[in-house]
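Hi,

Here is the structure I promised to send over. Have a look at it first, and then read on for what turned up.

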Amino acid sequence: MKKLAAVIIFLFSVIIANAEKIGFKEAVEMAQNSSSSLAVKQKEMEKSSLTVEKSMAEFYPLLKATASVAKAEGISSAEGASISLGYNIFNGWNTKNSAAKAEIENKKAEIEIEREKNSIKLKIAKLYSEILKNKKSIESYKNSLEILKKEYEKEQLLFKNSLSSRYELIQFKYEMTTV
């Protein structure tokens with residue numbers, strides 16, 4: 001969890017630095033490629049896929065071939081060869097149950113991968129929306145600052161023409177610093 005948080009913080013800093021250059025899809029792809037938890041889940045899925053293949057292999061017939069040569073001291077020697085074909089006819093549903101369990105585990109691993117990808121996508125979407133919100137806030141603050149500067153200039157002009165008191169000018173300056 002700490003590694004994922006570190007990756008997200010790193011990506012957040014990269015996104016802020018390159019917000020105009022990196023699109024949403026690229027950011028999600030970068031996060032998914034660098035996510036260690038997603039890599040672990042993908043390895044678990046590979047393992048469960050192999051388990052499915054192994055459990056399905058029990059349904060196939062087993063073919064064995066053996067050969068032997070024995071030579072004793074003297075003239076006598078013995079040679080032998082055999083081929084056997086085996087098939088698991090019924091073992092109390094163990095084979096079928098283990099195959100079904102392996103398939104379920106494989107599906108669970110696939111779902112976990114999708115869940116992790118969606119989680120990463122959601123985190124990046126939240127970061128992007130936060131960036132956009134902050135960008136709008138900055139624009140809003142810049143606009144209000146411009147308006148306040150104009151109002152301050154008007155207040156200074158009124159003060160110079162003796163239409164306003166020094167107290168009102170200081171009070172207006174204080175209001176500007178609190179915004």
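In which helix do K108 and E105 both lie, and how many residues apart are they? They are both in helix α4, 3 residues apart, which is about one turn of the helix. Please keep in mind that this is a predicted model. The side chains of K108 and E105 meet in a salt bridge (3.7 Å, N to O). K108 counts as partly exposed, at 46% relative accessibility, and E105 is also partly exposed, at 36%.

The whole structure holds 6 salt bridges. One of them joins the side chains of E112 and K41 (3.7 Å, N to O). E112 belongs to helix α4 and K41 to helix α3 (residues 36-57), so this pair ties together parts that are 71 residues apart in sequence. Within helix α3, E46 and K43 sit 3 residues apart, and their side chains form a salt bridge too (3.8 Å, N to O). Of these two, K43 counts as exposed at 55% relative accessibility, whereas E46 is partly exposed at 47%.

N106 is another residue of helix α4. It is buried, with a relative accessible area of 15%, and its side chain makes a polar contact with the side chain of S49 (3.4 Å).

Finally, the axes of helix α4 (residues 94-160) and helix α5 (residues 166-178) come within 10 Å and cross at roughly 170°. An angle over 145 degrees counts as roughly antiparallel, and α4 and α5 are therefore roughly antiparallel to each other. Their contact has 6 nonpolar, 1 polar and 5 charged residues.

Best wishes

Note on methods
Residues are numbered from 1 along each chain as its sequence is written. This is a predicted model: local features need pLDDT of at least 70, side-chain atom pairs count only at pLDDT 80 or more; totals for chains, interfaces and linings use all residues. Side-chain values use heavy atoms; hydrogens and water are left out. Axes are lines fitted to C-alpha atoms, for helices over the stretch in contact, and angles run from 0 to 180 degrees between N-to-C directions. Helices (H or I, at least four residues) and strands (E, at least two) are DSSP runs, numbered from the N terminus. Angles under 35 degrees count as roughly parallel, over 145 as roughly antiparallel, 65 to 115 as roughly perpendicular and the rest as oblique. Ala, Val, Leu, Ile, Met, Phe, Trp, Tyr, Cys and Pro count as nonpolar, Asp, Glu, Lys and Arg as charged, and the others, Gly among them, as polar. Buried means under 20% relative accessible area, exposed over 50%, partly exposed in between (1.4 Å probe, protein chains only). A polar contact is a pair of N or O atoms within 3.5 Å; within protein, one must be able to donate a hydrogen and the other to accept it, and residues adjacent in sequence count only if both atoms are side-chain atoms. A salt bridge is a side-chain nitrogen of Lys or Arg within 4 Å of a carboxyl oxygen of Asp or Glu.
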